[in-house]
Amino acid sequence: MNDHLSNNIKREIDQIKVPEKELNQAIQSAIQKSKEKEPTFNKRLLYFGSVAVLLFGLFISSAFVSPAMAKVASKIPYFGQIFEPKSDIVSDIGKELTRRGYKISGVGVSYPQKEIQVEIDGSESYINKVRGEIEKIAKEMLQSKNYDAYTFKISKYNDYKGRGDAEEDKNSKEFEKEYTKVHRVIHQELTKRGYNLLSYGMSYKPKTLEVEIPKTETRIKELKQVINHILKINGIKPIPINIKKTDMVKREQEDRWSNILDVVSQDLLGKKEYKVRMVGFSVYPEPEIQAFITLSSSEQSTKEFAEQLEKVIDEFLQSDQMKSRVKGESYHIKIFSKDNKVIN
């Protein structure tokens, strides 16, 4: 690393102003979530490779659905109009509560519990005052869509404060100050050198730098040298750098099938009659939609129910409205029982 580069990087870092208050507000929540052992709010757990992607988090979906699919579904026992044009209920609840002036810091849903969680940014007295009103609004919105599979919980934003020990809190704050300042400079320097950064971030526990790049990128050694140099001239101890090389074709396919799953999931998860506790997908080696139901593989009607559910989903994926998303790709549909056995 030459002196010219060193001076340029140091100059850019020195010009960055990091206001303490805004820094803590912007980062503390994300840092804390990485410290929690079992987070359940807005959680999306990803398994890459040959393992399916299981979605436990907030589904953001489109209202792009098939009217014809609703007609097909209505003819099959156990199912009603599963794919009516509907927006995402969790997002709708958050928007409505915000529109009405409530101090909402976040709305999410955890799976397979199917618990919608609303975090309120306010005092205990404020929460007690608005709790009943918020519950009433949310339950009415769920009922308007016949979504009876969800439970509801209200909690105070930043309830985690005070649970950790003082030393741990001190370390996390030092981490915030150190790496937030160099984060922008690292990104700028790598971009200037022509790296296509698909994603870039830092984790607190364990301390790591996560960099995602296309699999065609070969300058791994230089990339690590640039990052390590920036850390060094700022007196930051070296930490592991994880490089993830991504197949861009598979990335596009994964994003597209994630959106498809968001559409499929709405009524399947929202209504008890569909008996779906969780959904997932994989694109390795080919696209696959997965539904995890509440019936055991030993129950007599489980196989028949699974076959009907598969047919409903398949007809939807083949509808005219979904052609632009599926793009003629071959796909599989798997229905899993409560004991995680494939039953169709």
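The model is predicted: local features need pLDDT of at least 70, side-chain atom pairs count only at pLDDT 80 or more, and totals for chains, interfaces and linings use all residues. Residues are numbered from 1 along each chain as its sequence is written, and side-chain values use heavy atoms, with hydrogens and water left out. The secondary structure of the chain consists of ten helices and ten strands; helices (H or I, at least four residues) and strands (E, at least two) are DSSP runs numbered from the N terminus.

**Overall burial and contacts**

- The chain has 344 residues, of which 47% count as buried; buried means under 20% relative accessible area, exposed over 50%, and partly exposed in between, with a 1.4 Å probe and protein chains only.
- Of the contacts between residues at least 6 apart in sequence, 70% join residues at least 24 apart, where contact means heavy atoms within 4.5 Å.

**Aromatic pairs**

- Rings of Phe, Tyr and Trp (its six-membered ring) pair if their centres lie within 6.5 Å; planes under 30 degrees apart count as stacked, over 60 as edge-to-face and the rest as tilted.
- By this rule there are three aromatic pairs.
- The pair of Trp257 and Tyr331 is tilted, because the ring centres are 5.8 Å apart and the planes stand at 50°.
- This pair links distant parts of the chain, 74 residues apart: Trp257 belongs to helix H8 (residues 248–270), and Tyr331 to the loop between helix H10 (323–326) and strand E10 (332–336).
- Trp257 and Tyr331 are both buried.
- A stacked pair is formed by Phe292 and Phe336, with 4.7 Å from centre to centre and 10° between the planes.
- Phe292 is in strand E9 (residues 288–293) and Phe336 in strand E10, so the pair ties together parts that are 44 residues apart in sequence.
- Phe292 and Phe336 are likewise buried.

**Charges over rings**

- A charge sits over a ring if NZ of Lys or CZ of Arg is within 6 Å of the ring centre and within 35 degrees of the ring normal.
- Lys103 places its charged end over the ring of Tyr126, 4.8 Å from the ring centre.
- Over the face of Tyr284 lies Lys250, at 5.4 Å from the ring centre.

**Packing of helices H4 and H5**

- Two packed helices are described by the angle between their axes and the distance between the axes.
- Helix H4 (residues 89–99) and helix H5 (residues 124–144) have axes that come within 10 Å and cross at roughly 140°; axes are lines fitted to C-alpha atoms, for helices over the stretch in contact, and angles run from 0 to 180 degrees between N-to-C directions.
- H4 and H5 are therefore oblique to each other; angles under 35 degrees count as roughly parallel, over 145 as roughly antiparallel, 65 to 115 as roughly perpendicular and the rest as oblique.
- The crossing of H4 past H5 is right-handed; a crossing is left-handed if the near helix is turned anticlockwise from the far one by less than a right angle, and right-handed if clockwise.
- Ile89, Asp92, Ile93, Glu96 and Leu97 of H4 meet Ile134, Ile137, Ala138, Met141 and Leu142 of H5.

**Surroundings of Tyr200 and His183**

- Tyr200 is located in strand E5 (residues 199–203) and counts as buried, at 14% relative accessibility.
- Apart from neighbours within four places in sequence, Tyr200 is in contact with His183, Ile186, Leu209, Glu210 and Val211.
- The C-alpha atoms of Tyr200 and Glu210 are 5.7 Å apart, and these residues are ten apart in sequence.
- His183 is part of helix H6 (residues 166–192) and is partly exposed, with a relative accessible area of 26%.
- Not counting residues up to four places away in sequence, His183 touches Tyr200, Gly201 and Met202.

**Backbone features**

- Tyr111 and Pro112 are joined by a cis peptide bond with omega of about 5°; Pro112 lies in the loop between strand E2 (104–110) and strand E3 (115–120).
- A cis peptide bond also runs from Tyr284 to Pro285, with omega near 0°, and Pro285 is in the loop between strand E8 (276–282) and E9.
- Asn146 is not a glycine, yet has a positive phi of about 60°; Asn146 is in the loop between H5 and strand E4 (151–156) and is exposed, with a relative accessible area of 53%.
- Lys275, although not a glycine, has a positive phi of about 60°; Lys275 is in the loop between H8 and E8 and is partly exposed at 29% relative accessible area.
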